[in-house]
Amino acid sequence: MPVTACALAALFLVAACGSSGSFPGEAPGEPAGQGGAATQNGDAAVPDAPATQNGAGAQNAAPPAGGGGAAYVLSAPPVAAGYRQGQPPADLIQKVDSDAQLYAKRLGVTGTPVHGYYDDRAQGAWIFYSGVTGSGFDPDRLHDALNQPPATRNDGAGDRISTNAVDTDPGPHGGRAICNTVLVQNAMLTTAVTTCSWFTATTAAGVSLIIKGDGTSTKVGFTAADVAPVMRAIRADVEHPR
């Protein structure tokens with residue numbers, strides 16, 4: 001599988017190859033709806049997803065004010081943003097779910113966990129979505145916990161690991177959103193793993209795209225510009241007013 005163990009360990013809480021929010025499944029299927037419109041860079045297709053206000057993915061512009069606004073609750077419908085739920089390999093689920101639990105624990109968010117595994121057949125990737133519905137969350141604090149300056153280190157095993165965080169538009173529901181990317185480079189492979197997370201006063205969730213590694217994709221990873229529009233499209237279907 002073209003995602004290194006270090007990159008997987010950094011899926012949700014991106015810190016120098018550290019770790020990182022929790023999930024049902026349905027039979028794999030094609031994305032529902034009328035197919036996807038590609039993002040500006042042509043990398044990430046978002047079936048049936050409405051355009052974001054700025055029409056782009058991750059950005060460095062000043063983020064919207066925190067606070068979360070209305071109270072929301074998370075769900076995991078059989079289809080979100082036109083993607084049907086599927087069943088990733090058990091070992092990948094175990095790894096990602098384990099990191100998601102560390103994510104929630106490290107951020108100090110508790111409540112009702114929810115997760116879904118969505119099948120992006122066009123990109124040859126799994127969309128891992130994980131979140132918690134609770135109360136009293138501070139979107140600004142949670143955002144800042146993941147907001148780290150760019151850093152690069154060598155892990156002593158031949159991997160050069162770069163981490164970066166960038167603010168992104170959270171979408172119409174507001175709150176705060178951020179995308180964290182881990183780039184792992186070695187003599188044979190470069191792999192990018194990105195998680196885009198959003199936070200309101202009652203919800204905390206993240207979305208990652210993971211290459212299936214079954215030969216259906218030629219990609220070696222996804223950037224913040226790829227994942228941010230998918231995150232907003234998924235959010236529109238999994239988060240609802242209380």
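Not counting residues up to four places away in sequence, Asn154 touches Asp159 and Arg160, where contact means heavy atoms within 4.5 Å. The model is a predicted one, in which local features need pLDDT of at least 70 and side-chain atom pairs count only at pLDDT 80 or more, while totals for chains, interfaces and linings use all residues. Residues are numbered from 1 along each chain as its sequence is written, and side-chain values use heavy atoms, with hydrogens and water left out.

Asn154 has its place in strand E8. With a relative accessible area of 61%, Asn154 is exposed; the term applies over 50%, whereas buried means under 20% and partly exposed lies in between, with a 1.4 Å probe and protein chains only. Between the C-alpha atoms of Asn154 and Asn186 the distance is 9.8 Å, although 32 residues separate the two in sequence.

The setting of this residue is a protein chain with four helices and 13 strands. Helices (H or I, at least four residues) and strands (E, at least two) are DSSP runs, numbered from the N terminus. Of the 242 residues in the protein chain, 55% count as buried. The chain exposes about 9700 Å², and carbon and sulfur atoms supply 53% of this area. Accessible areas come from the Shrake-Rupley method with a 1.4 Å probe; for residues, only the protein chains shown count as cover.

Seven of the strands form an open sheet with antiparallel pairing, in the order E6-E7-E12-E11-E10-E9-E8. Two strands pair if DSSP finds at least two bridges between them. The edges are taken by E6 (112–120) and E8 (151–154); each has a single partner strand, so one side of each is left without a neighbour in the sheet. On average, and with direction ignored, neighbouring strands of this sheet are turned by 15° against each other.

Within the sheet, E9 (residues 160–167) pairs with E10 (residues 176–185) in the antiparallel sense over eight bridges. Arg160 stands opposite Gln185 in E10, and Cys179 in E10 is the bridge partner of Val166. On the other pairing considered here, E10 and E11 are antiparallel over 10 bridges. These two strands form a hairpin with four residues between them, and Phe199 in E11 is the bridge partner of Arg176. E10 is largely enclosed by the rest of the structure, because eight of its 10 residues are buried.

The structure holds one disulfide, a term for a pair of cysteine sulfur atoms within 2.5 Å. This bond joins Cys179 and Cys196, whose sulfur atoms are 2.0 Å apart. Cys179 lies in strand E10 and Cys196 in strand E11, so the pair ties together parts that are 17 residues apart in sequence. The torsion about the S-S bond of Cys179 and Cys196 is about 105°, so the disulfide is right-handed. Cys179 counts as buried at 0% relative accessibility, and Cys196 likewise counts as buried at 0%. Thr195 also lies in strand E11 and is buried at 1% relative accessibility. Its C-alpha atom is separated by 7.5 Å from that of Leu209, 14 residues apart along the chain.

Which residues of H3 are buried? They are Pro139, Leu142, His143 and Leu146. These residues cover an arc of only 100° around the axis, which puts them on the same side of H3; the arc is that of the directions from the helix axis to the C-beta atoms. An α-helix has 3.6 residues a turn, so residues three or four places apart point the same way. The cover over the buried residues of H3 includes H2, E9, E10, E11 and E12.

Notes
Axes are lines fitted to C-alpha atoms, for helices over the stretch in contact, and angles run from 0 to 180 degrees between N-to-C directions.
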